[in-house]
Amino acid sequence: MTLTRPPHPWTTLKPWGFGVLLLAALGASQAASATAATKATASEESAASTGRAPQADLPPGILKILRQAQVPPSALSVLIAPLLADAKASQAAAPRLSHHAQSSVNPASVMKLFTTYAGLSLLGPEHTWRNRIYTDGPVRDGVLQGNLIVRGSGDPKLVVERLQDLLKQVQAAGVREVRGDIVLDRSVFDVRERSEPFDDEPLRPYNVGPDGLLLNFKAVIYTFTPDPANGQVQVRFEPPLAGLSVTSKLPLTSSPCTDWRRQLQADFSQPLQVRFAGGYPASCGEREWPVAFPDPAQYAPRVLQALWAGAGGQLSGQVRYGARPAQARLLVDAPSLPLSEVIKDINKFSNNVMAQQLYLSLSSELGAPGRFEASRLRMSQWWRHGFPAQSEPVLDNGSGLSRTERSTAQALTALLQAAHAGPHAQAFTDSLAVAGVDGTAARLKERNPQSPVIGNAWLKTGSLRDVASVAGYVQGQSGQRYTLVAVLHHPNAHQARAALDQLLEWTVRDLDSTTASRRARSSHDRNAAPSGTTR
C-alpha cells in the first residue's frame with residue numbers, strides 16, 4: 001500500500017508529510033572568533049580596493065516590514081554573497097549584503113545543512129545503512145526453531161513499505177514460522193528517550209526521538225473519511241499496531257472546519273486505547289492527523305508483530321528487545337535508500353528525527369554505538385579541518401530542534417560555498433526545497449504567486465518559537481548566483497517572516513544593483529584617471 005501523500009502543514013516546526021506527510025512531521029550567544037573577524041575585515045578591505053563595498057544598510061522594504069512587526073534590525077542576521085566559478089574567488093568576493101553576519105544565533109532547522117553536508121563529505125552520497133535479520137536456530141520446512149533477530153542499523157527511513165518488503169525477504173529465505181521470539185536489536189545507537197518533550201506538544205511527530213531501530217518514525221496516522229449517507233465519519237489508522245484499539249466511527253457535524261482536531265475530543269492518555277469523543281465537521285472532507293505514539297518503547301514491537309501476522313507469518317513467542325547473539329547466522333541483508341535520497345527528505349521536508357539518525361550515524365559508522373557526544377566530536381574535527389578560518393557551529397542533536405544550537409551567517413555561508421564547489425554539489429543542491437515548488441519552500445507561491453523567486457532559489461528553511469530563518473542558493477536575474485543566509489531571532493520573528501521573502505526577492509532582482517555598481521566603478525575609474533588619458 002502506497003502511503004505517499006501531498007504535504008500537509010500543521011505545525012510551526014514545519015513537520016509535514018507518512019511518505020511525505022510524516023517525513024517532515026517528524027519539519028547561547030557567543031562572540032565571533034577573532035579569525036572570522038580578521039577574515040571579514042580583509043574582505044571589506046579587498047572590496048574597497050575594487051571600488052565595491054558590501055551594503056551594510058538593509059534595503060528600505062526590509063526595514064519597513066521589521067518596523068511593522070516591531071522587530072529591531074539588530075534581530076536580523078544576513079549575509080548574501082556571490083558564487084563564482086572558482087571557490088577561492090567566491091570566498092574573496094565582497095558580499096552583496098552583510099548585516100550582523102558574525103552574530104552567533106540559533107538558526108533552527110537551517111542547522112540541518114551542517115549535518116547533511118557533513119554526511120555527504122564523511123560518508124558519501126552512495127552510503128547505505130544495512131538492515132540485517134539473523135536466526136539463532138535451525139530452519140526446517142519453513143519453521144525456525146529459535147529466535148528471529150532484527151538488527152537495526154540506524155536507517156533513517158525504515159517505513160512501512162520497506163518493512164513489509166523486508167519481511168517478504170525473510171519468508172522468501174525460508175522462514176514462515178518462528179518457534180521462539182522476534183528480537184529487536186537497536187544497540188547501534190546508545191541514546192535514551194528524552195525525559196521531557198522539546199516543548200508542550202509531546203505528541204507532535206517532530207518530537208519523536210532517534211532510535212537504532214527506527215520504524216516508521218514512531219508515528220500513527222489517523223485518517224477521517226466522511227460518510228454523509230450515514231451521518232458518520234470513518235476512522236482508520238496506519239500502520240497496524242498489535243493491540244491498538246481506536247474509535248472507528250464518529251458523528252458528522254455541521255460545524256465549520258476550523259480547529260477540527262480539537263472538535264474530535266481526542267484522548268491519547270491510554271496508548272493502546274485511543275478514543276475520540278466528539279464529532280467531525282462534514283465540511284472538512286477527508287483529513288489526516290499524524291500523531292507520535294504516546295509510548296515509543298512499545299511502538300516497534302507492536303508494529304513488527306502486526307506486520308508479521310499480516311504477512312501470514314506465525315509466531316509462538318513474543319516480540320521483544322534484545323541483543324543479537326554472537327553465534328546468530330545472517331538470513332537477510334537489505335540496504336537502505338542511499339544517503340543522497342535520505343538528505344532530500346531531511347532538507348526539503350525538514351525531518352528532525354531523520355536528521356538526528358544521520359547525525360548519530362556519523363559516530364556509529366566508526367564501529368562503536370552512535371552517541372551524540374561522539375558525533376559532536378567528529379563534526380568538530382571535520383569542521384576545523386575543512387573550515388579553519390570560520391567560527392565553529394555549536395551542535396546539539398544535528399537537527400536544529402534545540403535551544404542551544406548556534407551558528408553565524410558567515411559560517412553557514414562558508415558551508416554553502418564549499419558545498420557548491422565540492423564533489424557532492426549536485427546531491428547537496430538537489431536536497432534543498434525549490435522555492436514555490438516543493439518541500440517547506442512550496443508555500444512561498446501561496447504567499448506571492450507572482451514572486452520572481454519561484455523556481456529560482458534552492459532553500460532550507462527554519463522555524464522555532466522565536467526564530468524564522470532561510471539559507472541556500474538564489475539565482476539572480478543578471479545570471480549571477482548567490483548564497484543567502486538570513487536569520488530572525490526575536491519573539492516577533494514570525495510576524496516579520498515576510499522580511500525573509502523580501503530578501504529573497506531583493507537578491508533575485510539584482511539587475512538594477514548590478515548596473516548601479518558598474519556605473520559607480522566606471523565613475524570611480526574616470527575620476528581616478530590621470531589628466532590627458534584617453535579611455
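Trainee: Is K348 buried or exposed?
Mentor: K348 counts as buried, at 12% relative accessibility. Buried means under 20% relative accessible area, exposed over 50%, and partly exposed in between, with a 1.4 Å probe and protein chains only. This is a predicted model, where local features need pLDDT of at least 70 and side-chain atom pairs count only at pLDDT 80 or more, while totals for chains, interfaces and linings use all residues. Residues are numbered from 1 along each chain as its sequence is written, and side-chain values use heavy atoms, leaving out hydrogens and water.

Trainee: Which residue forms a salt bridge with K348?
Mentor: D438, with the closest N and O atoms 2.8 Å apart. A salt bridge here is a side-chain nitrogen of Lys or Arg within 4 Å of a carboxyl oxygen of Asp or Glu. The two residues are 90 apart in the chain, K348 in helix 9 and D438 in the loop between strand 20 and helix 14. Helices (H or I, at least four residues) and strands (E, at least two) are DSSP runs, numbered from the N terminus.

Trainee: How many salt bridges by that rule?
Mentor: The count is 20. Another one of them joins K344 and E341 at 3.3 Å, N to O. Both lie in helix 9, three residues apart, about one turn of the helix.
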